[in-house]
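Please look through the sequence and the model below before reading on. The paragraphs that follow go from one part to the next.

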Amino acid sequence: MKAVVVHAPMNFGVEDVPEPQMQPAGMLLKVDACALCGSDLRTLRSGHRKVTLPWIIGHEIAGTVVELGADYAGPWGVGERLAVAPVVYCGVCDFCQDGRYALCENYKEIAQIWPGGFAETIAIPPEAVQHGTIRAVPRHIDPAFVAVTEPISSCIHAQEKGQVGLGDTVVIIGAGPVGCIHTALARTKGADKIYIADIVDERLEMAEAFAPDATINVAKTDLVAEVRRLTQGKGADVVITATPAPIAQVQAVEIARKGGRILLFGGLPAGKSKPGIDTNIIHYNGLHLIGTTIFAPRHHRLAVKLVTSAQFPVDKLITHRFPLSDFVKGATVALEGKALKVVFFPGS
Ligand SMILES: [Zn+2]
Ligand SMILES: [Zn+2]
């Protein structure tokens, strides 16, 4: 079959590889669509600590079941269209037992320890059938919409932790796809004012499609002063950092309203994760500093519901579509920062 193989940083391409091996309790999917994630871009650029190259990446997957293993006992049948998010929980740690799946101590991911979805076919391992994040979706839904339910799940989880809701003023730092998802989601949840900041005008222009109340170019304007001005000196109820820039975390604390919630959504590069936050501001202003990563099965369920309803502008999120054979071309657009979500279709 055809698949994208990453051999080394900035050395990848579409190649012929052997068909994936289905385990007896697993299943085989034809990949209908697979979206490129920010973390995939990092892997393409510089590798990934949990991925041993050469490797097939791609973890935002829409696929159709084509074959079931002899011992398969899952709920899905041949011909069903599935949304496959990569997270596979262990099901036995204290957190899983408590239903707090996003904190699972032993979670594994498809495309890290099992080959990923930038391929014509993917084998879903038994562990994912049992404790993964897989949901059936109606056939009439665009597979590109189905693929991007994964990053939407992470954002739903984060905004749940940050209790984003009616009347909130929300500032999102970083206007990549994740910042745009957060903008649309905050709107869906009833936020009053939503401001999105970035250092690149081109990205802020793409973010306009999600109807923020204002965009702020922080290369030209001081973010702290601008948020103070926009909020009559009060600051934002919620600040979401959706960028690997350490300064965003420092400024998030400075632009939050007293009692505000700060969601540290984007991780920082290794060696840069002590950005010099003024913790006295957290102390005296009673701020809530909230870490968030991955998601639980229910967030994936909500994401599927959201994209299958008309409530979420998922069409605006997908700026580029390519056949899988044009992976290098599509990935280049994304690596140059000229896209929101780039989705690949192995079948076309
Ligand atoms: Zn992703
Ligand atoms: Zn667990």
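**A walk through the model**

C96 is buried, at a relative accessible area of 4%; buried means under 20% relative accessible area, exposed over 50% and partly exposed in between, with a 1.4 Å probe and protein chains only. This is a predicted model, in which local features need pLDDT of at least 70 and side-chain atom pairs count only at pLDDT 80 or more, while totals for chains, interfaces and linings use all residues. Residues are numbered from 1 along each chain as its sequence is written, chains are lettered from A and ligands numbered from 1 in the order in which they are written, and side-chain values use heavy atoms, with hydrogens and water left out.

Another cysteine, C34, is buried with a relative accessible area of 1%. A search of the whole structure finds 0 disulfides, a disulfide being a pair of cysteine sulfur atoms within 2.5 Å. C34 is in no disulfide, and the nearest cysteine sulfur, that of C37, is 9.8 Å away.

Which residues coordinate the zinc ion (ligand 1)? They are C37 through SG, H59 through NE2, and E60 and E150 through OE, at 2.2 to 2.4 Å. Donors are N, O and S atoms within 2.8 Å of the metal (3.2 Å for Na, K and Ca); water is not among the atoms, so sites may look incomplete. The angles among the 4 donor atoms of the zinc ion (ligand 1) run from 81 to 161°, and the site is irregular. Four donors count as tetrahedral if all angles lie between 85 and 135 degrees; four count as square planar and six as octahedral if opposite donors are over 155 degrees apart and all others between 65 and 115; anything else is irregular. The spacing of the donor residues in sequence is C-x21-H-E-x89-E. Helices (H or I, at least four residues) and strands (E, at least two) are DSSP runs, numbered from the N terminus. C37 counts as buried at 15% relative accessibility, and E150 is buried at 9%.

In helix α1, S39, D40, L41, T43 and L44 are buried. Their cover includes β1 (2–8), β2 (11–16), β3 and α13 (327–335); contact means heavy atoms within 4.5 Å. After α1 comes G47, with a positive phi near 80°.

K341, in strand β17 (residues 341–345), is buried with a relative accessible area of 3%.

The next part is a sheet. Its 6 strands form an open sheet in the order β12-β11-β10-β13-β14-β15, with parallel pairing; two strands pair if DSSP finds at least two bridges between them. The edge strands, each pairing on one side only, are β12 (214–217) and β15 (288–291). Strand β10 (residues 169–173) runs parallel to strand β11 (residues 193–198) and is joined to it by 5 bridges. I172 has I196 in β11 as its bridge partner. Helix α9 (residues 246–255) packs on the sheet and touches β10, β13, β14 and β15, its direction making about 155° with that of β14. Axes are lines fitted to C-alpha atoms, for helices over the stretch in contact, and angles run from 0 to 180 degrees between N-to-C directions.
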